[in-house]
Amino acid sequence: MKDYGMSFRLLRKERGFTLKTMSEGIISYSYLSKFEKGESDITFRNFVLLIERLNMTLDEFLFFNHVRTTHYTELFQAISFAYEKNDLVVLNQYYEQEKDLYKKTKLVYHKCNFIMIATIIKDIDAFFFISDRDINFLVDYIVNCSFWTTYEVSVLGNTLPLFPEDLLVILLNEVKKRIKQYTVSQKNVRDLIALIENACIIFLRKKKVKEALSLSDFLEDFLEFFYFLEKTRKLFIDGIIFIHQGEIDLGTELAEQAIKIIRVMDTNFANDHEAELRYFLESIK
């Protein structure tokens, strides 16, 4: 039953309940918090009482949970496929669909979805407009989530290029804090490491070498010996940092070494890094 925690948390917040007001007289505040994070289970009786406090039937909750989990998984797959094909028509259809669902339901995750899709569209169409209000909404949602699930990590990873530098720094500090304090599920730690590595590239493209170096140094303590891809990407990033610091030959050698290793695992990913290396070498001329 603990797999229902994320859906329960969304509904609780949508209906304006705090952990304290929701749990009072049923289970302890801390136990409900653990249930929402997927860290503990609760009895069926207490679960039904909590659902009733939401003014829902059990069937309604189960239907919501099914739609939420199935919907966002299928949505992420569909927009990823459309993005690979640069299919703006399909991406705009999903954007309007999620926007319409938010207007009808007022469920926060639909709003997060359409902002995320807008970011993906903007990566293809630079003239696509995203309001500061939507950007700030997404930042508030991500920062104020007490526990990040796969959903929050995925949304953040897909919207990273959207944020101006000041908000990006705030979010990355939050990412680092959660990795250190384990307020993210262990299976998502590697996704957050990949997110930090992507942020390094973003900073390096802006010639913010100090910020990229700080993030790269932070990763040292969290790269397990079996994180082969992540360690190889860090080697690539360190190579680009050396290039920016004037050690072009050493940096190029490290980056090319990383690309060679990545090619064994994923040819397309290696090609992306090869193009990235060319970009950085051209940018310093």
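Biologist: What makes helix 7 (residues 108-124) largely enclosed by the rest of the structure?

Modeller: Of its 17 residues, 14 are buried, so helix 7 is largely enclosed. Buried means under 20% relative accessible area, exposed over 50%, and partly exposed in between, with a 1.4 Å probe and protein chains only. Helices are DSSP runs of H or I with at least four residues, numbered from the N terminus. This is a predicted model, where local features need pLDDT of at least 70, side-chain atom pairs count only at pLDDT 80 or more, and totals for chains, interfaces and linings use all residues. Residues are numbered from 1 along each chain as its sequence is written, and side-chain values use heavy atoms, leaving out hydrogens and water.

Biologist: Which residues of helix 3 (residues 29-36) are buried, and why are they said to line one face?

Modeller: They are Leu32, Ser33, Phe35 and Glu36. Seen down the axis of helix 3, these buried residues fall within an arc of 160° (taken from the directions from the helix axis to the C-beta atoms), so they line one face. They pack against helix 1 (5-14), helix 2 (19-23) and helix 4 (44-53), contact being heavy atoms within 4.5 Å.

Biologist: Why is Phe225 called exposed?

Modeller: Its relative accessibility is 62%, so Phe225 counts as exposed. Phe225 sits in the loop between helix 12 (209-219) and helix 13 (228-244).

Conventions:
Helix = DSSP H or I, 4+ residues; strand = E, 2+ residues; numbered from the N terminus.
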